[in-house]
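This report goes through one protein model part by part. Please keep the sequence and the structure in view while reading.

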Amino acid sequence: MNLSHELQHIEPRAQNSPWPGYEHYRGYGVMMLPYSSGHLLGLRVFPQNDFAPYRSVWHCTPEGEWSIYNDGPSLQTTCPRWWGPALRHAELTYIELNWAGPNELQVKMKEPSLEWTMEMAAPPLLKRANAINAGIPLRAWKLRPFIRLQEWLARQVLDMGNVRFSFVTPSGKEAVVIPQKIFLIRSSRAVWRGH
């Protein structure tokens with residue numbers, strides 16, 4: 001497994017969605033990672049989409065206040081486009097990504113200050129699930145029973161918690177997340193504004 005090689009070679013570009021009437025995003029991310037401090041961090045890296053390549057860091061305080069920090073052309077073409085009504089704060093800032101190893105990613109921001117390192121892994125069960133997902137046609141993700149089955153498998157087999165692959169965002173837009181591959185975070189350490 002070499003995520004660095006695979007993910008760095010997604011060519012950044014704007015392109016139309018393969019589903020007419022839908023916006024589309026191709027890339028990778030950390031859905032949400034809890035820390036012992038009570039903070040949550042998430043990451044979205046979308047080199048290909050309908051607008052322009054961008055990166056977003058998601059942060060939730062222990063009190064439940066959400067912020068999204070975006071490295072892209074505007075807040076209207078990055079994650080706040082869909083999640084804005086649920087946010088306490090959103091802003092544009094520079095987000096640096098560095099692959100320190102084949103499966104180790106470093107995320108840095110100067111303002112607000114963030115140094116985040118994580119290492120990903122794919123145990124044998126996940127490798128088999130990823131191989132099966134690779135053969136699923138895109139049109140299957142338009143079928144609600146199929147999506148609910150995928151959510152059930154994610155909860156019951158992969159222990160991913162109450163994950164949803166189809167939902168309505170706070171801005172009222174319908175969304176479908178199509179995970180072609182899923183990896184586990186083997187280890188992670190983050191320093192957020194000195195904490």
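This is a predicted model: local features need pLDDT of at least 70, side-chain atom pairs count only at pLDDT 80 or more; totals for chains, interfaces and linings use all residues.

## Helix α4

The expected span of a helix is 1.5 Å times one less than its number of residues. Helix α4 covers residues 144-156, which makes 13 residues. From its first C-alpha to its last, α4 reaches 18 Å, close to the 18 Å expected.

Which residues of α4 are buried? They are F146, I147, Q150, E151 and A154. Seen down the axis of α4, these buried residues fall within an arc of 140°, so they line one face of the helix. The cover over them includes α3 (124-134), β10 (166-168) and β11 (174-176). On the other side of α4, P145 and Q156 are exposed.

## The nonpolar cores

The largest nonpolar core of the model has 24 residues. Those with the most contacts inside this core are L43, L105, V107, L114 and W116. Several elements give two or more residues to the core: α1 (3-8), β2 (25-34), β3 (40-49), β7 (95-101), β8 (104-109), β9 (114-121) and β12 (184-192). The largest share, four residues, comes from β9.

What is W116 in contact with, leaving aside its neighbours within four places in sequence? The list holds V30, L33, Y35, L41, G42, L43, L105, Q106, V107, S188, R189 and A190. Another core, of eight residues, lies apart from the largest one. Among its residues are W19, W141, F146 and F165.

## Salt bridges

How many salt bridges does a search of the whole structure find? The search finds seven. In one of them, K181 pairs with E6, and the closest N and O atoms are 2.8 Å apart. K181 lies in the loop between β11 and β12 while E6 lies in helix α1, so the pair ties together parts that are 175 residues apart in sequence. K181 is partly exposed, at 43% relative accessibility, and E6 is partly exposed as well, with a relative accessible area of 36%.

A salt bridge also joins R186 and E119, with the closest N and O atoms 3.5 Å apart. R186 belongs to strand β12 and E119 to strand β9, so this bridge ties together parts that are 67 residues apart in sequence. Is R186 buried or exposed? R186 is exposed, because its relative accessible area of 57% is over 50%, the cut-off for that class. E119 is partly exposed, with a relative accessible area of 27%.

E151 is buried, with a relative accessible area of 1%, whereas R164 is partly exposed at 40% relative accessibility. A network of salt bridges links R148, E151 and R164.

## Aromatic pairs

The count of aromatic pairs comes to twelve. One of them is formed by Y28 and W99, and this pair is tilted, with 6.2 Å from centre to centre and 50° between the planes. Y28 is in strand β2 and W99 in strand β7, 71 residues apart, and the pair thus links distant parts of the chain. Why does Y28 count as buried? The relative accessibility of Y28 is 16%, and buried means under 20%. W99 also counts as buried, at 17% relative accessibility.

The rings of W83 and F167 have their centres 5.8 Å apart and their planes at 40°, so this pair is tilted too. This pair again links distant parts of the chain, with W83 in helix α2 (residues 80-83) and F167 in strand β10, 84 residues apart. W83 is partly exposed, with a relative accessible area of 24%, and F167 counts as partly exposed at 24% relative accessibility. Ring pairs also link Y25, F46, Y54 and W82 into a cluster.

Notes
Residues are numbered from 1 along each chain as its sequence is written. Side-chain values use heavy atoms; hydrogens and water are left out. A nonpolar core is a set of buried Ala, Val, Leu, Ile, Met, Phe, Trp, Tyr and Cys residues joined through side-chain atoms within 4.5 Å. Buried means under 20% relative accessible area, exposed over 50%, partly exposed in between (1.4 Å probe, protein chains only). Contact means heavy atoms within 4.5 Å. The arc is that of the directions from the helix axis to the C-beta atoms. A salt bridge is a side-chain nitrogen of Lys or Arg within 4 Å of a carboxyl oxygen of Asp or Glu. Rings of Phe, Tyr and Trp (its six-membered ring) pair if their centres lie within 6.5 Å; planes under 30 degrees apart count as stacked, over 60 as edge-to-face and the rest as tilted.
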